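Here are my notes on the model. Please keep the sequence and the structure side by side while you read.

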Amino acid sequence: IKGPDQGRPLSLYKKLGIPDLAQKLPHKCYPPGQFIGKLHQEAATHLGLPIGLPVAQGGPDAFIGMVGLGCIYPGQLCLITGSSHLHCVVTSKPKTAE
């Protein structure tokens, strides 16, 4: 997400009296699946995985679950239940917090 706020709801934080919260959020966001780097030696040893294994950006479980459900085209909606209940919809017009 481009722009100075990068999709973060800065005006909401200000209204809630917690504007400093935005400084604790990531300053760079990557889309799910994007190559981030390679697993370094310390992490590989700790996890029992090969050094240099490609690392990709993950995502929120519900939104990644939408792909598994086949909910990937505009106008589709899915219901994901668990510890919370989500109605997730795909739109052709991206919208972020203002």
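1. A contact means heavy atoms within 4.5 Å. Of the contacts in the protein chain between residues at least 6 apart in sequence, 16% link residues at least 24 apart.

2. The model is predicted: local features need pLDDT of at least 70, side-chain atom pairs count only at pLDDT 80 or more, and totals for chains, interfaces and linings use all residues. Residues are numbered from 1 along each chain as its sequence is written, and side-chain values use heavy atoms, with hydrogens and water left out.

3. pLDDT is the predictor's confidence in each residue, from 0 to 100. The protein chain averages 87, and 90% of the residues score at least 70. Among the elements, the mean is lowest in helix α1 (residues 10–15), at 89, and highest in helix α2 (residues 41–47), at 97.

4. The protein chain has three helices and four strands, in the order α-β-α-β-α-β-β along the sequence. Helices (H or I, at least four residues) and strands (E, at least two) are DSSP runs, numbered from the N terminus.

5. How much of the protein chain is buried? Buried residues are 15% of the 98, where buried means under 20% relative accessible area (1.4 Å probe, protein chains only).

6. Strands β3 (residues 77–81) and β4 (residues 85–89) pair in the antiparallel sense over five bridges; two strands pair if DSSP finds at least two bridges between them. They form a hairpin with three residues between them. Ile-80 has Leu-86 in β4 as its bridge partner.

7. In a regular strand the side chains alternate between the two faces of the sheet. In β3, Cys-78 and Ile-80 make up the covered face, while Leu-77, Leu-79 and Thr-81 make up the uncovered one.

Definitions and conventions:
Buried < 20%, exposed > 50% of the residue type's maximum accessible area, 1.4 Å probe, protein only.
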